[in-house]
Amino acid sequence: MENSVPDFVLFLGRFHPLVVHLPIGFLLFAFLLEIFSRIKKNPVLTTAIPLALFLGGVSALVACILGYMLSLSGDYDDNALDSHFWFGIATTVLAFVAWLIRIEKIKLSNYKKIQPNIAALTLLVIVISVTGHYGGNLTHGSDYLVKYLPFNTEEKTELAAVTNLEEAEVYGHLVAPILENKCISCHNDSKKKGGLSMIDSVSMHSGGKSGAILVPGSANESELVKRVLLDPHNEDFMPPEGKTPLTEEEIAIITYWINSSNADFKTKVANVETPENITTIASTMLGLGANNNTVALPTVAKVSNELIASIEKEGFKLKELVFESNLFEVVLAPNTVVEGKENQLKAKLEKLLPIKENIIWLSIENNKLTDENVQIVSQFTNIQKLKLSENPISDNAIQHLLKLKNMTSVNLFGTKITSKSLEVFSKMENLKYAYVWQTNIEQKDLEGYNKTNTPKIILGM
């Protein structure tokens, strides 16, 4: 359906999630003013109610129009969409009725002391709640509201916890949680973006508007993997902008599922060949303990809130990886440093030096990073995971990374390194994975390398 609808209509429709909060705010504000005016016995509070109701009605009307435009994309379940749409219409009509009652254009006499103003507003709040519930169903699935209800009697199908990795189901224990966290909110039975639902095996094998998403035995040909490996700026990249992308480890797990178990939904780890890197990732996911080769987390000094604030002013985002560990993931968003402002990056990196021992994961992707800048990065000696992709760095930068004795993973996608860096990788005692696709390293350079050298060199999934 989407192709038959003008792009401009779909563009406008996507403002529905933004506008839809306006009538909710206005109408709830009117309801609260009515309640407080009665509690405080202060009629002055009611003077703003007509305006709030009018603005609520107008914004609800706009939200309905934009919602209809959005529905033309065809990405939503018809039954759930109809319920949300008609309750939205009812909310709009009731808002204007309540406004007309309040300004006495509609005059109703009291019935058994139930006053029409408060009655209309109470009904309005109920209808808003129902409309919002159906909207939540459309966006997040039909069980969104009641999924974690304490006394929900609906039987939930849960996989038994495993104490040994070989007992785990490849899909159920490893892949399903990834899809639930990163994909299901847009690909469920109520909201089928691209005509795709990932709610169960039947839906996934059915695929979407672009066809099948799974090619058993070939992750490279499976849309599920191809879409997450695209350039993040590509319009087909998944998940879309604003959603959290899959990590390298999550992509590796999905690739393993498609290649090793032929995308089967019941196969157990014990029944397929499992590479060592997958064993490590899967064990961590299931809380089965760290691999013997895992680098231990260091004990470091506490970082003050003032210091964190000063670093974040430079554009960095800090996230503590373990509660009260003072060990951080530090991310500089791509394109923070733009063309002609390369000198800014050195100053920004130097701001990190006071917490150099506290940085465990560091990401400086697509920020004009140079070989000289990497000398500063090499001082962050506790780094275990490093992302330097899409930067103009060369083999000289890799020499600096030899100082990072604890580094287990480095992403150098889209850089200028060559096969000369392979020898350096082999000297990094704890390095397990080097992601080097779209560099000057080719498949022929790896002949025999991954069989004899510890680090796994990955040219693509």
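**View 1. K444 and its partner E442.** K444 counts as exposed, at 57% relative accessibility; exposed means over 50% relative accessible area, buried under 20%, and partly exposed in between (1.4 Å probe, protein chains only). Its side chain meets that of E442 in a salt bridge (3.7 Å, N to O). The term salt bridge stands for a side-chain nitrogen of Lys or Arg within 4 Å of a carboxyl oxygen of Asp or Glu. E442 is partly exposed, with a relative accessible area of 42%.

A word on the model: it is predicted, so local features need pLDDT of at least 70 and side-chain atom pairs pLDDT 80 or more, while totals for chains, interfaces and linings use all residues. Residues are numbered from 1 along each chain as its sequence is written, and side-chain values use heavy atoms, leaving out hydrogens and water.

**View 2. A salt bridge between E329 and K319.** Here the closest N and O atoms are 3.5 Å apart. This pair links distant parts of the chain, with E329 in strand 2 (residues 328-332) and K319 in strand 1 (residues 316-320), 10 residues apart. Strands (E, at least two residues) and helices (H or I, at least four) are DSSP runs, numbered from the N terminus.

**View 3. Helix 10, mostly covered.** Of its 13 residues, 10 are buried, including Y256 and W257. Just after helix 10, N262 takes a positive phi of about 55 degrees.
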